[in-house]
Structures are given as C-alpha cells and as structure tokens.
Amino acid sequence: MPWIKIVLIASSLAVLVGVFRHRQRVELRAGSRLLALLLGALAVASIADPDIPQRVASVVGVTRGTDLILYVLVVVFVLTSLGLYFRVRESDRRLQDLARVIAINQAVLDGGAPGGAARLSPTTQEGTRSDTTARVPGS
Amino acid sequence: MENEDVWVIVPTYNEAKVVRGVIEALRVHFPHVVAVDDGSVDGSALEILAGGARLVRHPINMGAGAALQTGVDFALLDPGARYFVTFDADGQHRVDDAVAMVEHIRNHDIDVLLGSRFLGSAVNMKQSRKLLLLAARWFEKASSGIYLTDAHNGLRVFSRTFAEVLRMRMADMAWASEFLGRIADSKLPYAEFPVTVDYTEYSQAKGQHSINSVNIAVDIVVNRVLRGHR
C-alpha cells in the first residue's frame, strides 16, 4: 500500500473526529446544510444529464461515475449515522433528566422532603415545595 | 442517633427477594436510606417501603448509573446530608464495612472513599471475574488516570462536595468508569478501603455478564474520543 493512502486514511479519520467534536459549532451546522443542498442539486443535475457523474469521475480519477456515487454515498451514510447516534444520545439524556425530576418530585410529594421538615428552617416551612423539589438541569 | 448526616443510596432493579433485608440491615446504623427503584417489575417498590427506606421510583428503566444519580440528587435536597454511601441492593456488601468507611472518611481528609475487595476479601469469587477485574484496573488507569485495586466496587462513600459535582450522564453500566472520571476531574482526594464482597448464588445469577464489559469499554472510548461540547 502506498504511503499516501495511509496519510489519506489517517487524515480523513482525524477530520471525522474533529467534525464531531465540534458538532455544536454554528459554522459546521451551516456547512452541513449547504452540503445537503449541494448534493440535492447534483442529484437533480445528474438525472437531467447522466453523463455528469461520469465526467466528474474522470476528472477526479475514478473509473466509473457509479463508483464515484458509491463513494459519496458511503461518506454521507457514515456522517448521517454518527449524527443520528449523537442526536439519539442527547435526547436519551434529556429523557433521563426529565424522568429523574418526575421521580424525585413524586417521592417528595409522597413522603416529604428528605431529612424531614425538622431539617427545614422555620421561615422556609411554608410553601417550600418549589425549593425542595428538583428541577431539570439547565432550565 | 448516629449517622444522622449520612444518606445511603441503594439503586434497585428487580431485587424484590433481597432488597428488604438489605435495607433493614442498613437501617440499624443509618437512619436515612433512599432506594431508587429503576422501573422494577417484580414488586421491589413495596419491599423497599416495607424495609423502611425512602422510595424514589423511576417511571422508566434507565440503568444503574442513572438510579445512583437520582439517589444522590434526592439526598442532596436534604441540607443536613454530609456523607453519601452507595450500596448494592443484591446483598453483596456488608453493612459493617459501610459503617467503618463512614467512620474513616469522617476522620480523614478524603472526599471519596472506595471499597476494594482486593484489599479486603471476596467470598466465592470466580477466577474469570477476578481476571476481568484485574484487566479493568488497567483500562481505568488508561482512560481516567485513576489507579484503583478494585475499579468496580459498588460500595462507596463520598462527601457533599463530591456529590455536588457528580452529575453522571452515562446511562449504561459505563457509569462506574464515569464515576472515576469525575474523581479525576474534581481533583478531590480519594482513597480505597478494604471491604468484603459476598458472591452469593443470588448475586451471581443477577450480576453482570462478563461479556458486557466489551460494550462498556466501547462506550467509554467513544465517549472520550467524540466528547463534543454542549
């Protein structure tokens, strides 16, 4: 295997990791939307003129236009899967925060604040529910 | 009463057969016990209440780490809580060990005290489990920088300072590693304490399959590499 391939593989992995570490950056989100629009436009263009993928392929040194499309598809698929993975993980975490708050609030409603009312100072004993119940973090 | 400023957190998932006994034993020394029922379907909740613990019930099953975090959040609502103990619901730990650990953390300048079955003893531990735990040592050292003789012991005692920064997010069993990562990030002093772990037939049948460590390791590596900014 020529060394250039190793360099290319390593750098594409590095780009992938870099992209996902900074996935909250607004430039990246704008970039991915533009990329999606560009791919859509390319798809329409290559339906109108099926020779376009072939010509692009020969410019970049790929034998067939279909191969080029396959490569692009692989890249798009990997990015999409990882993007969805992180999105699902994020919404799992939100669900977890929400369920935790519900569980704790229910426990406080059923049995009072942990440690009992004796622990609360006299001034906070009346109407303290908002002080002793949990809140969703970050809200 | 002794240990008025201690909360014992017992994450519980389908432990109806044993959880009541565990809680009753704890309540002899610890007035404040909270058991987090992580969506059990076997009546664990009733056993928890019968044992005399506070019950916090997850509406859905969310995993042991999430249950532990819920217990910590609940106990933190008590302004008098100074020490937090985590204690498995399946009866593998000994209450005497927990009492000794609380005593130790009170008298030393330590924020996190972790039980170790390798400093203490493990009754009826299988050889395969032992090898896995030895491998876990090195994995945890490499991923969090914290070296412990027993990286995955369910018996832990920590201060309010550490409880307030804990905030664990890993839903799966990877939370044990996340816990160690939090110790490293917080730079608070920690130590290990010899304890005994009883491998009863019950706890072995219910415990983790060793192969699950593969899932855990992959989760941790992915989480570290692609951490991302919120």
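Visitor: In which sense do β1(B) and strand β2 of chain B pair?

Guide: This is a predicted model, and in it β1(B) and β2(B), the latter made of residues 32–37, pair in the parallel sense over 6 bridges. Within that pairing, W7(B) stands opposite H32(B) in β2(B). Between the two strands the chain crosses from β1(B) through helix α1, residues 19–27 of chain B, to β2(B), and this β-α-β crossover is right-handed.

Visitor: Which residue in β4(B) does I9(B) stand opposite?

Guide: I9(B) stands opposite T86(B), and β1(B) pairs with strand β4, residues 83–86 of chain B, in the parallel sense over 4 bridges.

Visitor: Which residues of β1(B) point one way and which the other way?

Guide: V6(B), V8(B), V10(B) and T12(B) point one way, while W7(B), I9(B) and P11(B) point the other way. Buried here means under 20% relative accessible area, and by that cut-off 7 of the 7 residues in strand β1, residues 6–12 of chain B, are buried.

Visitor: How many helices and strands are there in chain B?

Guide: Chain B has 9 helices and 7 strands. Its radius of gyration is 16 Å, close to the 17 Å that the globule rule gives for 230 residues, so chain B is as compact as a globular protein of that length. Buried residues make up 54% of the 230 residues in chain B, and, among its contacts with a separation of 6 or more, 75% are accounted for by residues 24 or more positions apart.

Key
Residues are numbered from 1 along each chain as its sequence is written. Chains are lettered from A and ligands numbered from 1 in the order in which they are written. This is a predicted model: local features need pLDDT of at least 70, side-chain atom pairs count only at pLDDT 80 or more; totals for chains, interfaces and linings use all residues. Side-chain values use heavy atoms; hydrogens and water are left out. Buried means under 20% relative accessible area, exposed over 50%, partly exposed in between (1.4 Å probe, protein chains only). Two strands pair if DSSP finds at least two bridges between them. A crossover is right-handed if, with the strands pointing away from the viewer, the path from the first strand over the helix to the second runs clockwise. The radius of gyration is taken over C-alpha atoms; the globule rule is 2.2 Å times the number of residues to the power 0.38. Contact means heavy atoms within 4.5 Å.
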